[in-house]
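User: I am new to this structure and would like to go through it step by step. Could you show it to me?

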Amino acid sequence: VIFYLMYDGHKYRCDLRRGPDENARAIIDVSPSEEFSPADIRDETSRMLADTLSKFFNDLVFELDGTFLSFRDMMVTEKGSGGDTA
């Protein structure tokens, strides 16, 4: 899932994906969608946002009529694809 955010006046692209291990933790890669200087601040901010957003999605729990779902319980599919094979 790709989404964008504004932070400190700059736009960042965020790529949300599942981690490779059996825990299927959320991993978010963050990169500036525009160039700005200095590069060390840009890179440090990207790392900080990636860590913060990954923690947010991994700690997030939805309650749906008594059922609790975490990111690990969810599956992202193509638009219109309900996963039905019948």
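User: How many aromatic pairs does a search of the whole structure find?

Analyst: The search finds 2 aromatic pairs. Rings of Phe, Tyr and Trp (its six-membered ring) pair if their centres lie within 6.5 Å; planes under 30 degrees apart count as stacked, over 60 as edge-to-face and the rest as tilted. This is a predicted model, in which local features need pLDDT of at least 70 and side-chain atom pairs count only at pLDDT 80 or more, while totals for chains, interfaces and linings use all residues. Residues are numbered from 1 along each chain as its sequence is written, and side-chain values use heavy atoms, with hydrogens and water left out.

User: Is F57 buried or exposed?

Analyst: F57 is buried, at a relative accessible area of 19%. F3 is partly exposed, at 24%. Buried means under 20% relative accessible area, exposed over 50%, and partly exposed in between (1.4 Å probe, protein chains only).

User: And what do F56 and F57 form?

Analyst: F56 and F57 form an aromatic pair that is edge-to-face, with 5.4 Å from centre to centre and 85° between the planes. F56 counts as partly exposed, with 46% relative accessibility.

User: What sits over the ring of Y4?

Analyst: The charged end of K11 does, 4.8 Å from the ring centre. A charge sits over a ring if NZ of Lys or CZ of Arg is within 6 Å of the ring centre and within 35 degrees of the ring normal.

User: Changing topic to the strands: in what order do the 3 strands of the open sheet come?

Analyst: The order is 1-2-3, and the pairing is antiparallel. Two strands pair if DSSP finds at least two bridges between them.

User: Which strands stand at the edges?

Analyst: Strand 1 and strand 3 (26–32) do; each has a single partner strand, so one side of each is left without a neighbour in the sheet. Neighbouring strands of this sheet are turned by 30° against each other on average, direction ignored.

User: How many bridges are there between strand 2 and strand 3?

Analyst: Strand 2 (residues 10–18) pairs with strand 3 over 7 bridges, in the antiparallel sense. The bridge partner of Y12 in strand 3 is P32.

User: Where does helix 1 lie?

Analyst: Helix 1 lies across strand 1, strand 2 and strand 3, and runs at about 155° to strand 3. Axes are lines fitted to C-alpha atoms, for helices over the stretch in contact, and angles run from 0 to 180 degrees between N-to-C directions.

User: What is T45 in contact with?

Analyst: Leaving aside neighbours within four places in sequence, T45 is in contact with Y7 and Y12. Contact means heavy atoms within 4.5 Å. T45 is found in helix 1 and counts as buried, at 14% relative accessibility.

User: What do strand 4 and strand 5 form?

Analyst: They form a hairpin with 2 residues between them, and D65 in the turn has a positive phi of about 50°. Strand 4 (residues 61–64) and strand 5 (residues 67–70) pair in the antiparallel sense over 4 bridges. F62 stands opposite L69 in strand 5.

User: Lastly, how many salt bridges are there?

Analyst: The count comes to 5 salt bridges. A salt bridge is a side-chain nitrogen of Lys or Arg within 4 Å of a carboxyl oxygen of Asp or Glu. Among them is the one between R17 and D29, at 3.0 Å, N to O. This pair links distant parts of the chain, with R17 in strand 2 and D29 in strand 3, 12 residues apart.

User: Which residue does E44 meet in a salt bridge?

Analyst: The side chain of E44 meets that of R47 (3.0 Å, N to O). Both lie in helix 1, 3 residues apart, about one turn of the helix.
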